[in-house]
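Please look through the sequence and the model before reading on.

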Amino acid sequence: AKRAGRDTYRFFTPQMDEEVRKRRELEGALRKAIDNEEFVLFYQPKVQLDTGRTVGAEALLRWRRPGVGMVSPLEFIPLLEETGLIGRVGSWVIMAACRQIGKWLRSSVGPMQVSVNVSGHQFGEGGLDRDVLRALNDNGVPADLLELELTESTLMANTEHTIATLRHVKRHGVQISIDDFGTGYSSLAYLRRFPIDKLKIDIAFVRDITSNPDDAAIALAIISMAHSLKLGVIAEGVETAEQLSCLRRQGCDQVQGYYFSAPLPADQFEQFLRKEAAR
Ligand code: C2E
Ligand code: CA
Ligand code: CA
Ligand code: CA
């Protein structure tokens, strides 16, 4: 039995014990992962539809867990958020992305816009704007080469503080996009309070865009709405030539997905760019 409060005892079944043990183990491993530099960013190309050229990348977090291999963020981001470790990891992600942008800027790659995913929990602690401005400054990176991806639910959950933080980085030129757009319940009137540059159409509408007229209608509605509001629009999860041509017909600006490339380690991303330039 475990002491849960002053005079209450909570009893765990063996199965619950096992879950608690596993969770503690994972949490301990995650704490060490930060210090041991086990995290790495992968980069997935973002392709401009009219030119067919890569104009940017989304940075996606990976954990090279010793003895286990590459772990997906879906398996550890929730725990990082629950334990408050997301603050430290989030700062690391922003710094690592800016380091890479700076490296590319001063190499033959040149200016490459990179987006990072920002969790709602990173706003709670404050200092996100400070992290961003320091990372840009330390690496000599122009602010417009960094983009922050936030989900609708993040924007819904935090209001005044989030708006203030986003306005602050936006004033310096950092780009802001809404990730997984169309899946939340936020109204457009609400979202207009945020300094947004781009909408990202969620994979849920792209998946069956060629076979489901409703999904195609939603994608088209998002694209025309984005354009009438002078926002950019990108579709994620593009896997086939058919999905691509549908999005092209609909006037989408940028696309991203396995059809072009999976997320890649930085050196393989550079290789991808070299191959593209040789085409
Ligand atoms: P997301 O931001 O919606 O990222 C897109 C996910 O779709 C990525 O999964 C990406 O690898 C995957 N993907 C890309 N192209 C395709 C495709 O054509 N088909 C399909 N089916 N999937 C595709 P990943 O890398 O496992 O990341 C999962 C989620 O973890 C992300 O979803 C994001 O919410 C979160 N995440 C990743 N990196 C970070 C980070 O640095 N910080 C925070 N806070 N969250 C992160
Ligand atoms: Ca994203
Ligand atoms: Ca997304
Ligand atoms: Ca998603």
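How many cavities of 30 Å³ or more does the structure hold? In this predicted model, there is one such cavity.

## The enclosed cavity

The largest cavity has a volume of about 50 Å³. Its lining is formed by Ile 178, Phe 181, Leu 188, Leu 191, Arg 192, Ile 196, Leu 199, Leu 229 and Leu 231. Two elements, β8 and α8 (188-191), each give two or more residues to this lining.

By class, eight residues of the cavity lining are nonpolar and one is charged, while none is polar.

## The largest pocket

The largest pocket has a volume of about 1000 Å³, and the space taken by ligand 1 is this pocket. Its lining comprises 37 residues, and those nearest the centre are Glu 58, Leu 60, Leu 74, Asn 117 and Asp 179. Two or more lining residues come from each of β3 (39-48), β4, α2, α3 (86-105), α4 (121-124), β7 (146-151) and β8.

The lining of the largest pocket divides into 16 nonpolar, 13 polar and eight charged residues.

## The surroundings of ligand 1

Ligand 1 is surrounded by 23 residues, the closest of which are Gln 44, Arg 62, Asn 117, Glu 239 and Tyr 258. The shell contains ten nonpolar, seven polar and six charged residues. At least two shell residues are supplied by each of β4 (54-65), α2 (73-83) and β8 (175-181); β4 gives the most, with four residues.

Several side chains place polar atoms by the oxygen atoms of ligand 1. For Arg 62, an N or O atom of the side chain is 2.8 Å from a ligand oxygen. For Asn 117, a polar side-chain atom lies 3.0 Å from an oxygen atom of ligand 1, and the side chain of Asp 179 has an N or O atom 3.0 Å from a ligand oxygen. Taken alone, ligand 1 exposes 800 Å², of which the protein buries 81%.

## The second largest pocket

The second largest pocket has a volume of about 340 Å³. It is lined by 14 residues, with Phe 39, Val 40, Trp 92, Ala 96 and Arg 99 nearest its centre. The elements α1 (14-35), β3 and α3 each give two or more residues to this lining, and α3 gives the most, with six.

The residues lining the second largest pocket comprise nine nonpolar, one polar and four charged.

Terms used
Residues are numbered from 1 along each chain as its sequence is written. Chains are lettered from A and ligands numbered from 1 in the order in which they are written. This is a predicted model: local features need pLDDT of at least 70, side-chain atom pairs count only at pLDDT 80 or more; totals for chains, interfaces and linings use all residues. Side-chain values use heavy atoms; hydrogens and water are left out. A residue is near a molecule or strand if one of its heavy atoms lies within 4 Å of it. A polar contact is a pair of N or O atoms within 3.5 Å; within protein, one must be able to donate a hydrogen and the other to accept it, and residues adjacent in sequence count only if both atoms are side-chain atoms. Accessible areas come from the Shrake-Rupley method with a 1.4 Å probe; for residues, only the protein chains shown count as cover. On a 1 Å grid over the protein atoms alone, a cavity is a set of points where a 1.4 Å probe fits but cannot get out, and a pocket is an open set with protein on both sides within 12 Å along at least five of seven lines; lining residues have an atom within 4 Å of a point. A molecule sits in a cavity or pocket if more than half of its atoms lie within 2 Å of its grid points. Ala, Val, Leu, Ile, Met, Phe, Trp, Tyr, Cys and Pro count as nonpolar, Asp, Glu, Lys and Arg as charged, and the others, Gly among them, as polar. Grid points are joined across faces, edges and corners, and a volume is the space filled by probe spheres set on the points.
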